[in-house]
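Hello,

Here is the structure I promised to pass on to you. Please have a look at it first, and then read my notes below.

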Amino acid sequence: MIALLDNAFIFGRRDVGGNRISRGPGTGHTGGMFVKICGLKTVADVECAVSSGADAVGFVLAASPRQVSVPEVARLVPASPVLTVGVFLGQSTAEIRSVVADTGLGAVQLHGSGYTASDFAELSDLGVPLIRAVSSSSAVTVGSFGEDTLILDSPRAGSGEQWDFSALRGQTGRWMLAGGLAPHNVAPAVAAVRPWGVDVSSGVEVTRGTKDHGLIRDFMQAVRAA
């Protein structure tokens with residue numbers, strides 16, 4: 001699980017490779033809020049997210065305008081000194097194991113209601129953090145499927161549409177808010193529901209699937225000010 005040690009933050013089960021996230025002078029870290037920039041497709045995207053202070057970068061391996069291939073992920077992972085997260089939707093646990101072995105991903109995110117607690121149990125020996133992402137407008141128990149971290153997303157994940165997450169007030173545990181977040185609204189969203197972290201993708205894009213580096217920097221600045 002997660003433990004705070006001096007200027008280091010250990011996310012998940014291992015302190016190796018991209019799983020170690022430095023938090024200290026010169027890292028550009030946002031403070032207490034964990035930030036994941038998802039749907040990155042290029043080395044320049046990764047470098048911008050990292051230099052702006054992101055704690056994790058996400059690569060989508062499912063059908064999406066943001067989808068990247070396994071060879072592309074294998075090329076992007078070494079470019080990141082922070083946590084690298086593979087986002088899966090619909091792939092079998094066997095496929096996920098193969099991708100992790102081929103790319104060196106630092107964490108696995110299982111997206112959607114199609115994954116069960118049994119799937120998380122089957123992947124628990126991978127030695128990387130497991131993230132569960134679901135669409136929900138009400139509180140969910142973190143860890144109920146065996147996940148290390150929970151992402152609560154909008155009803156239409158990846159759409160960029162804003163949604164009513166007011167029912168998440170009082171949600172506890174290691175959870176991240178996602179869906180419809182952007183530089184102009186992330187601070188009030190954080191103030192409203194006080195998540196452990198935030199996850200953004202479409203809110204930092206110039207067109208669907210193409211990241212805007214200026215928006216990434218603006219988003220990180222807004223989180224710091226929250």
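**What I found**

Of the contacts in the protein with a separation of 6 or more, 53% are between residues 24 or more positions apart, where contact means heavy atoms within 4.5 Å. Please keep in mind that this is a predicted model, in which local features need pLDDT of at least 70, side-chain atom pairs count only at pLDDT 80 or more, and totals for chains, interfaces and linings use all residues. Residues are numbered from 1 along each chain as its sequence is written, and side-chain values use heavy atoms, with hydrogens and water left out.

The protein has 6 helices and 13 strands; these are DSSP runs numbered from the N terminus (helices: H or I, at least four residues; strands: E, at least two). Of its 226 residues, 53% are buried. Buried means under 20% relative accessible area, exposed over 50%, and partly exposed in between (1.4 Å probe, protein chains only).

Now to a pair of helices. Helix α1 (residues 43-52) packs with helix α6 (residues 213-225) at an angle of about 20°, and their axes are 9 Å apart. The axes are lines fitted to C-alpha atoms over the stretch in contact, and angles run from 0 to 180 degrees between N-to-C directions. α1 and α6 are therefore roughly parallel to each other, a term for angles under 35 degrees. On the α1 side, Ala-44, Asp-45, Cys-48, Ala-49 and Ser-52 make the contact, and on the α6 side His-213, Ile-216, Arg-217, Met-220 and Arg-224 do.

Which residues of α1 are buried? They are Asp-45, Val-46, Cys-48, Ala-49, Val-50 and Ser-52. These buried residues pack against β4 (34-37), β5 (56-60), α2 (70-76), β13 (210-211) and α6. After α1 comes Gly-53, with a positive phi near 110°.

Arg-194 is another residue to look at: although not a glycine, Arg-194 has a positive phi of about 50°. Most residues other than glycine have a negative phi. Arg-194 lies in the loop between α5 (186-193) and β11 (197-200) and counts as exposed, at 54% relative accessibility.

Finally, Val-87 sits in strand β6 (residues 83-88) and is buried, with a relative accessible area of 7%. Leaving aside neighbours within four places in sequence, Val-87 is in contact with residues including Lys-36, Cys-38, Phe-59, Leu-61 and His-111. Val-87 and Gly-39 are 48 residues apart in sequence, and their C-alpha atoms are 8.7 Å apart in space.

Best wishes

Note on methods
Parallel < 35°, antiparallel > 145°, perpendicular 65-115°, else oblique.
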